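Welcome! Please take a moment to look over the sequence and the 3D view before reading on.

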Amino acid sequence: MNQQRPDNAAADSLLSEHGGMRRFSLSPSPSLDAFRAICSQKATSEQYPLAACIKDNVPIYSLAPFSSTTSDQRSALQDEWYRVLLHGPGVFVTQGLYPDTELIDRVNRVFYVIIQKEKQAATTHGDHFAGAGKNDRIWNSFSKHGLEDPASFLRYYSNPYIGLISSAWLGPGYRVTAQVNNVKPGAMAQVCHRDYHLGFMSAERCSEFPRAMQVASQCLTLQGAVAHVDVPLEIGPTRLLPFSQTFSAGYMTYRLPEFNDFFIENYVALPLEKGDGLFFNPALFHAAGMNQSGDINRLANLLQISSAFGKPMESIDARPLVEGCWEVLQRVYKENGFSDEVRAFVAAVAEGYPFPTNLDRNPPRADDMAPVSEQDVILKCLLTSESKNGVLEALDRYRRATQL
Ligand SMILES: [Fe+2]
C-alpha cells in the first residue's frame with residue numbers, strides 16, 4: 001500500500017529544502033528521468049478504497065445520491081479526493097455527477113442559445129487553443145447561464161457534490177466559474193499543458209514566479225469538467241498524465257519538446273457518459289483529445305473553482321491614486337523613462353494581475369495567453385504621453401471591458 005514515492009512530493013520537499021535556487025532554471029532542463037519515475041507510479045484500489053474502480057491509474061467514483069450519504073461518508077470521500085489530488089494520480093472521475101440527464105439536455109439547449117446569440121453579436125472570442133471560429137467557447141458560461149435560464153441554473157449549481165468536491169481541495173469560501181467548450185468533429189487535439197494560474201501566461205512570465213509559488217499555485221484552483229454529451233474515445237476525451245502534477249518544475253517544462261513527447265506516448269483517456277464529472281489538479285499535464293467523429297460535438301462545461309485565498313486583505317482603487325499622481329509620474333517618466341522607480345510605483349498602485357476579467361472583451365493575448373492588466377494600461381498611457389483625462393478614460397474603458 002505504501003509505495004515508495006520517487007523524488008517528487010513537490011510541496012513537502014520544496015518547502016523544507018535549504019539553499020535551493022529561488023527560480024526554476026531550464027538550463028539544464030529539469031530531469032525527464034525524474035518525471036518518468038513520477039509518472040510510472042501506480043494507483044491501487046487499496047490506496048483509494050472508496051473508488052468503484054481504478055482505470056488507467058484514474059480512480060472512478062460512482063456517486064450515491066447525496067442525501068443518502070452520512071457526514072462520515074462525505075468526510076471520508078473528501079479525505080480520499082484530497083489525497084488523489086495532492087500526491088496521488090491528480091485526477092478522478094465522478095460517475096453520475098448529474099444523474100438527471102434531462103437537466104443536462106435542458107442546459108445544453110441554453111448553451112446553444114447563448115452560442116447562437118454570441119455568433120450573431122460577433123463580439124466574442126474563440127477557444128484560446130483552437131483559435132476563434134473553429135470550436136465554440138462560452139467564456140463565463142456561469143453568469144450567462146444564470147441570466148439566460150435561472151431555473152436550470154439553480155438546479156445545476158445546487159448540486160451538493162460540486163461543493164463537496166470543491167471544498168475537499170480548496171476549503172470553504174471557494175468561488176465557482178465556468179466556461180463551455182464545444183469541440184466540433186475534426187477538431188485537433190490540444191497541446192499538452194497545465195492550467196490556471198501559471199498555465200495562463202508565457203513561459204518567460206511563469207519563470208519569474210519563485211519555485212515555491214509555482215508549487216503552491218496548484219492549491220489555489222480546482223479544475224473540473226462536466227460531460228454534457230456521452231464522450232466515447234473517438235470524440236477525444238481529455239488526455240491525462242496521472243501523477244504529473246507532483247513534478248514541481250512542471251509549469252516550466254510542459255512546453256519542452258521532450259516532455260510533450262513523453263506526454264504523447266504515455267497519456268491516458270477515459271470515455272465519459274453524459275452527466276459524469278472529471279476533476280483534476282490544475283498542475284496535471286493534460287490536453288483535450290482530437291474529435292475524430294464525423295458528426296458528434298464534444299460539449300463540456302469546464303468548472304474552474306478558485307480558493308478564497310487568491311484575494312488581498314483590502315480593496316485598493318488605482319483610479320483616484322493615478323489621478324492624484326499623474327503629472328508627477330509623467331514628469332519622472334519623461335526624465336528617466338521606464339526606470340525601476342517608475343515600474344515599482346505602477347506595480348504598487350495598480351493591479352498587475354489581469355484576472356478575474358471578462359474574457360470576451362479582454363481575451364487571452366496570442367503571445368502569452370494572459371489578457372491586459374491595469375498596469376499594462378497605465379504603462380501604455382505613459383508611453384503615449386496621455387493627459388490625465390486620457391489615462392483616466394483609458395482606465396475606465398478597461399474596467400468596463402473587464403467587468404460584466
Ligand atoms: Fe486545460
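Here is a short briefing on the sheet, its helices, one asparagine and the cysteines.

This is a predicted model, in which local features need pLDDT of at least 70, side-chain atom pairs count only at pLDDT 80 or more, and totals for chains, interfaces and linings use all residues. Residues are numbered from 1 along each chain as its sequence is written, and side-chain values use heavy atoms, leaving out hydrogens and water.

**Confidence**
- The chain has an average pLDDT of 92, where pLDDT is the predictor's confidence in each residue, from 0 to 100.
- A score of at least 70 is reached by 93% of the residues.
- Over residues 1-9, pLDDT stays under 50.

**The sheet**
- Eight strands form an open sheet with mixed pairing, in the order β1-β2-β3-β9-β6-β11-β5-β4.
- Strands (E, at least two residues) and helices (H or I, at least four) are DSSP runs, numbered from the N terminus, and two strands pair if DSSP finds at least two bridges between them.
- Strands of a sheet pair through backbone hydrogen bonds, either parallel or antiparallel.
- At the edges are β1 (53-55) and β4 (136-138), each pairing on one side only.
- Strand β3 (residues 91-95) pairs with β9 (residues 277-280) in the antiparallel sense, over four bridges; here T94 stands opposite G277.

**Helices on the sheet**
- Helix α5 (residues 141-148) lies across β4, β5 (175-183) and β11 (298-306), and runs at about 90° to β5.
- Angles run from 0 to 180 degrees between N-to-C directions, and axes are lines fitted to C-alpha atoms, for helices over the stretch in contact.
- Helix α7 (residues 160-170) packs on the sheet and touches β3, β6 (221-227), β9 and β11, contact meaning heavy atoms within 4.5 Å.

**Asparagine N301**
- N301 counts as buried because its relative accessible area is 0%; buried means under 20%, exposed over 50%, and partly exposed in between (1.4 Å probe, protein chains only).
- Among the residues that N301 touches are F111, S141, Y157 and H228.

**Cysteines**
- A disulfide is a covalent bond between the sulfur atoms of two cysteines; the cut-off used here is a pair of cysteine sulfur atoms within 2.5 Å.
- Searching the whole structure gives zero disulfides.
- For C192, the nearest cysteine sulfur is that of C39, 10 Å away; C192 is buried, with a relative accessible area of 4%.
- For C206, the nearest cysteine sulfur is that of C192, 13 Å away; C206 is buried, at 0%.

Technical notes: Lists of a residue's contacts leave out its neighbours within four places in sequence.
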